[in-house]
Amino acid sequence: MGTLRSSPLCGYQSYVEELRALVAKTARGESSPDLEASILAALDGQAAESLRSLVPLETLRHDGIFLTGSELAHRAVRGILPTLDASSVILDPTCGASDLLLACVGSLPAERSVAQTLRAWGAQLVGRDLHSELLEVARLRLLLAVVQRFPGSRVSRRTLEGPLFPGIQTGCGLSDGIYETATHLVMNPPFTTTPAPDFCDWASGQASNAAVFLEHALRRTKPGTRIAAILPDVLRSGSRYERWRQLVERLAQIEHLEIGEQFNRWTDIHVFVLNLCVRQRVTTSSKRAGTWTRRAAESRLGDRFEVRIGPVVDYRDPHEGDEHPFIEPRDLPPWETISRISRTRRFSGSLITPPFIAVRRTSRPGDPHRAVGTLVLGKSPIAVENHVICLIPRRGGQRSGRAGLRNLRDPKSTKWLDERIRCRHLTVRALTELPWWSEVS
């Protein structure tokens, strides 16, 4: 006989009990400044803080469980709020503790009593999540949001014992049958990766769960459905997701895109907010320059340099062939010029011949310089490790290389790259599209 596996969020049950006690006080019609402060805290960030303190961080990262938080939730949905009314049906397929639904209900009309409003909102709010503890917190927080509309009102035991928000249920957000009736969809899908499903024709191998969730939603919601999504920035700026972006634009009209910051201090992922309206009919192509990123500059770094990833994957490539000078990121002093390389390696693949600018791929928003370069001189071809991006002058040799360093070091380059790519690494495409500031020539 097998043993029962406890829920990974069992430690969160103590917060569930805390919310239940708070609901009991409000149901009795109690009123005090301390109680009002407790309700405000429950509706504004406390759920996420309690989850982080009660459940190990490793568990949250493994399952991709990070709650949205009220500030980010309100930023995500504000573009769809004017379209909400008493006939709206709002679906969150990755509901969590209901932060996104809570950000929406302030724009829903209340009925004449708590009980009537609970019934009305219960028919309008739909949510799915795999974790029952999160859904219990979601229902209790939504109940508190209703009670907050009727300060000092008593809530009957019969009302509390009835089905609260029956549309919010345990289940997979990729299940069919929940999207078709929605007029609005809000989502903060998991940022983990998953094997690309059969219907996915824009990726092979591993794919972003967030990208899969959004495509699934776009293919199942009816035309005119409004969508507000919080997504990892790699979907906006990564070259691997170019075909996914084209798919999104064929299926929906982009109404608002806002580049964000790091999701939270425990999730080292930058995000963006995307507001969409599902199209009446699928277009053949609606790709427009600048929809997802800044519009291309008239003069770009890629016009002056060939941009290539270093060819050597050191842990994988055999040490065979002739011995060559070999550089890794640790060999590159920032903004300096080097011509002597002490490290060597046997390598039979492609080599890079100086002069070229070596740029560290590892880079993140907030760094003083997003693209830190070193000018490499010399006559011998060099084996370059693949955590280095090489900028090879198309003409002009050393002179072009020094101008390229100045362009990378210009504060405008860091500002541009911070908006262009919020991931923790640079890409060939981002550097190719980097504007060439005329004053560095």
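Here is a walk through a few spots in this structure, one at a time.

First, some ground rules: this is a predicted model, where local features need pLDDT of at least 70 and side-chain atom pairs count only at pLDDT 80 or more, while totals for chains, interfaces and linings use all residues. Residues are numbered from 1 along each chain as its sequence is written, and side-chain values use heavy atoms, with hydrogens and water left out.

Let's start with strand β14, residues 356-360. Helices (H or I, at least four residues) and strands (E, at least two) are DSSP runs, numbered from the N terminus. In β14, 5 of its 5 residues are buried, and buried means under 20% relative accessible area, with exposed over 50% and partly exposed in between (1.4 Å probe, protein chains only). Phe-356, Ala-358 and Arg-360 sit on one side and Ile-357 and Val-359 on the other, so both faces of the strand are covered.

Who are the neighbours of β14? Two strands pair if DSSP finds at least two bridges between them. Strand β15 (residues 373-376) runs antiparallel to β14 and is joined to it by 4 bridges; here Ile-357 has Leu-375 as its bridge partner.

Now for some helices. Two packed helices are described by the angle between their axes and the distance between the axes. For α1 (residues 13-27) and α3 (residues 46-54), the angle is about 145 degrees and the axes are 9 Å apart. Axes are lines fitted to C-alpha atoms, for helices over the stretch in contact, and angles run from 0 to 180 degrees between N-to-C directions. Ser-14, Tyr-15 and Glu-18 in α1 meet Gln-46, Ala-47, Ser-50 and Leu-54 in α3, where contact means heavy atoms within 4.5 Å.

Helix α5 (residues 70-77) has Ser-70, Leu-72, Ala-73, Ala-76 and Val-77 as its buried residues. They are on the same side of α5 because they cover an arc of only 165 degrees around the axis, taken from the directions from the helix axis to the C-beta atoms. Among the elements covering them are α6 (99-105) and β4 (184-187).

Last stop: Leu-164, in the loop between α9 (157-161) and β3 (168-170). With a relative accessible area of 19%, Leu-164 counts as buried. Beyond its neighbours within four places in sequence, Leu-164 is in contact with Leu-118, Arg-139, Leu-143 and Thr-159.
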